[in-house]
Amino acid sequence: MKFAIQYRNLKSFLTYLFSSVLVIYSNGQLKEDSLFTQSLDNVVVTATRTPRLMGNVAIPVSVINAKTLYQSGSLRLNDILAEQTGINIVDNFGKGVQVQGLSSEYTLILVDGEPLIGRTGGVLDLSRISVRNIRKIEIVKGPSSSLYGSEAMGGVINIITDGSGINKSDFGLRYGRFNTLDGSYNFSRRVKKTDVTASVNYNRSAGYSLKPNQQQKTVEPFWKTVQQLSLNHQLSQRWKLGSGFRRNVTYIDNTIEVSNQGIAVLSKGFERNDEYNITPYLQYKGDKIKTTLRGYITGFESEQLLSVKGSADTYNDRFNQLFSRVENQTDWQIREQSAFTFGAGHIEESVASNRYDSLATKRKNSISYFFAQHEERLTRKLTAIGGFRFDANKAYASVWSPKMALQFKPDEKLSINISYGRGFKAPDFRQLYLNFTNLAAGAYSVFGSEVAAAELQRLSALQQIDQVTGVMGGLAALKPEVSGGLNLGARLKLKDGMQISANLFRNDITNMIVTDIVAFKKNGGQIYSYFNLKSALTQGLELDLDKRISRTFTLKAGYQYLYTADKDVLAQIRKGEIFQRELTSGSSVRMKTADYAGLPLRSKHSANLKLAYETATGFFATTRLFYRGRWGTFDQDGNGIINRSDEFAKGFLLVNASAGLSFRKHWKLMAGLDNLLNYKDVLNLPGTPGRVGYIDIQFNF
Amino acid sequence: MKTRSIIGSVLAAVVIFQSCTKEETAVPQVTLIQSIVKDIPADTIVGLSPIGQPVGVGKFTFYSLETNAVIPNTDSNSTKWDIGLRGSTIITNGGTSGPGKGGAFIYVGTFDELTKVPADSTFRVDAAPNYAITASSNRGWYLYTPQTNLVTPLPGRVLVFKTASGKYAKVEILNYYKGGVTPAATAPDNIKIFSQRYFTFKFAYQADGTTNFK
């Protein structure tokens, strides 16, 4: 719709857009028949790494299109993901995503198919990513390591930027509460055989305080910029060459108030994150074979500098990560009913940080991998996909990740999908090399598994170790965390434009890496290191309903039921080995499984309801309701798990609304109000500052 | 109304009288003393050290389980007290801590489940700095969580003591904060620091010298 209003020849426009998708992603054998050109939104690439009609994919996948993005008034990736069924945004080291109950470190975030790096504590901060130049977002749930390797355990979120090559430009400006200003300019042009797309985005905010009488704000003033350029050149009818360039800078003006044993210590400084990537490719597209050679170089440089007020003390934290990859993917359309995709690649990764030892020491890992996938339409009603990937790692054990999926479509209305896949997450550099001692809080230390033994020996020589625990003997090279994920889904199309879909999921995660105490220091401090110890499970049901009420009204509703558990805790409870302390009497009792609320930060229930009104003249209005049930935060009764009623944050309801119109052919104006009910939870929802209004204007030419 | 309540009280008096006489004749003297002790300060925070560490005056609070009372600090070198509390450190009247016959061990289970000191129990004796009750997080009676800066008694831990005079007692620490309420994990550090080191505990003391807690 965003574009449709401006272009008379909608069909040719869509055909054009789609063909450009094909060119960028894909399988030469898919003909641009009427089935495919219906709508761009119906084609997904992330689930199989080849473009497929959404209804033909046997894996749970959903798409957020540009229109929804615009009408929801979303600026950053976390804004729009928070509005999706089954996705929670958790505010911890930035805004991380939670998919199928798995936390941010287990979800892979791609931009145009390439992985984003630069995680803090495992969390990839989604607010780094602007959604102002995005054509669509594809969300694949369940493990997809068979195609993407590490991190694709809970799901894969692929942000597809607008590289359409149409001769157009748009300029957008937005102003909102907390002095939030967002400006964006997108440009695309076809010059002979070269498509040029460029976009810039600038976003700033004065931040806000939820706690009065504190010098440190809840969200500090920041600015962020995104610059992106993509060049695609058609060398000949079959050959194509191009590259993307992207740079993302975040600057936060930090004032940090730390209470050191009761005394407020004020520090001032900044945090700066600089991420860049280059994505060159060369592609050949024959009649049956399409092959692409892709390079990917990305760097993430983070610096945090704080000066303690009234003292010469400074805190400087630097973290430089470099990731480069070369990969070939070949898609071979063997027959009309069968397609084969295979590929191989090599990754070189390095990190240097003063959190580990010094900036001068680079910690490295390299990974070689290959993958293959076969898709076969067995009968008219039954399609099967099988695939695997093998990752041979230098710094840790190698992994096989298979995946199988079946789709059964008895008729036009119903489709039933079942898929099973294995996912994995490689041990990250922090878990391998961290060397951290906190002198303020209990003098505890955390050492990565690769450096723990040497550090313990060093401290032991200094007579600082009191006792080494039993787990120290188990210190070994870390293995990747692995999961098995099963998804069983059905989609039913009813008359009068109604669609219902349901998906049952279960993920079993083993070899989870957790910290455990390896030794006690003589000063009472504890020394932690990382071990493959825990197993967990997440399971649940996701329900979605989509209904066109009238020509102008559409309704969408979603619900997720989620059950999570640490399996070892569950086993211990069953054996009667875990106790809880009653809130009123203070006495200990043995716990029952029903008292156990599973992993922290998970809501058992979450739901949404979205109502949109839209006329053919370009006026729209939306009202979106989001409910998130209570979730566990901190243990309060000494058993280390979530069980008692005072260990939860309260459930809440958010209501967002927006409305907009098009005028004078080139202009679009919208205004919105997020969190109409002004809900706040100072302690548990620092990212929810209460009611936020904004106004947004766009000029297209 | 009046007549009814008069009849009621007469009946009640009869019942009480009867039961009293029964107890006096049939049941032996009750030797198990059970009590809940609230808000015993244990070297509470008086200020901050030059480097910002919260500090108390460094003295133990002594408690007699036998008399269910706090014993003055001046009696530290006597057998009047059974346990001493200072911050998260708990001592017994024995070994390097006092002249008594004290000792202790930690039983894993609930207070009510422990009806008798198990026959194979070994009472550890204080040998400073290694106390019978280990004064360290997750190894003794409490859990310290750096993220929340809170001390919580481990649930399902019963401290079994031998008193200064060699009798047996069981103790469950219920809380470590003033008023018997642990501050919320999200409470300010100031509140957490200045309301800590107040013990609320439940105990049972067996005066007859046996290991029974029934």
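In chain A, strand β6 (residues 107-111) and strand β7 pair in the antiparallel sense over two bridges, where two strands count as paired if DSSP finds at least two bridges between them, and where strands (E, at least two residues) and helices (H or I, at least four) are DSSP runs numbered from the N terminus. This is a predicted model, in which local features need pLDDT of at least 70 and side-chain atom pairs count only at pLDDT 80 or more, while totals for chains, interfaces and linings use all residues. Residues are numbered from 1 along each chain as its sequence is written, and chains are lettered from A and ligands numbered from 1 in the order in which they are written.

Both β6(A) and β7(A) belong to an open sheet of five strands with mixed pairing, whose order is β3-β8-β9-β6-β7 in chain A. The edge strands of this sheet are β3 (61-65) and β7 (114-115) of chain A, each of which pairs on one side only.

Another antiparallel pair in chain A is formed by β4 (residues 87-91) and β5, which are joined by five bridges. These two strands make a hairpin with three residues between them, and Phe93(A) in the turn has a positive phi of about 55°. Strand β5 (residues 95-99) of chain A is mostly covered, since five of its five residues are buried, a residue being buried if 20 or more other C-beta atoms lie within 10 Å of its own, exposed if 12 or fewer, and partly exposed in between, with C-beta atoms placed from the backbone. Lys95(A), Val97(A) and Val99(A) lie on one side of β5(A), and Gly96(A) and Gln98(A) on the other.

Chain B has an open sheet of five strands in the order β1-β13-β12-β11-β8, with antiparallel pairing. Its edges are β1 (32-41) and β8 (103-108) of chain B, and each has a single partner strand, so one side of each is left without a neighbour in the sheet.

| Strand | Residue | Bridge partner |
|---|---|---|
| β7(A) | Val111(A) | Glu114(A) |
| β5(A) | Asp91(A) | Lys95(A) |
| β12(B) | Lys162(B) | Tyr168(B) |

Between the chains, 29 residues of chain B are in contact with 27 residues of chain A, contact meaning that the C-beta atoms of two residues, placed from the backbone, lie within 7 Å. The elements that give two or more residues to this side of chain B are β9 (142-145), β10 (150-153), β12 and α2 (189-194) of chain B.
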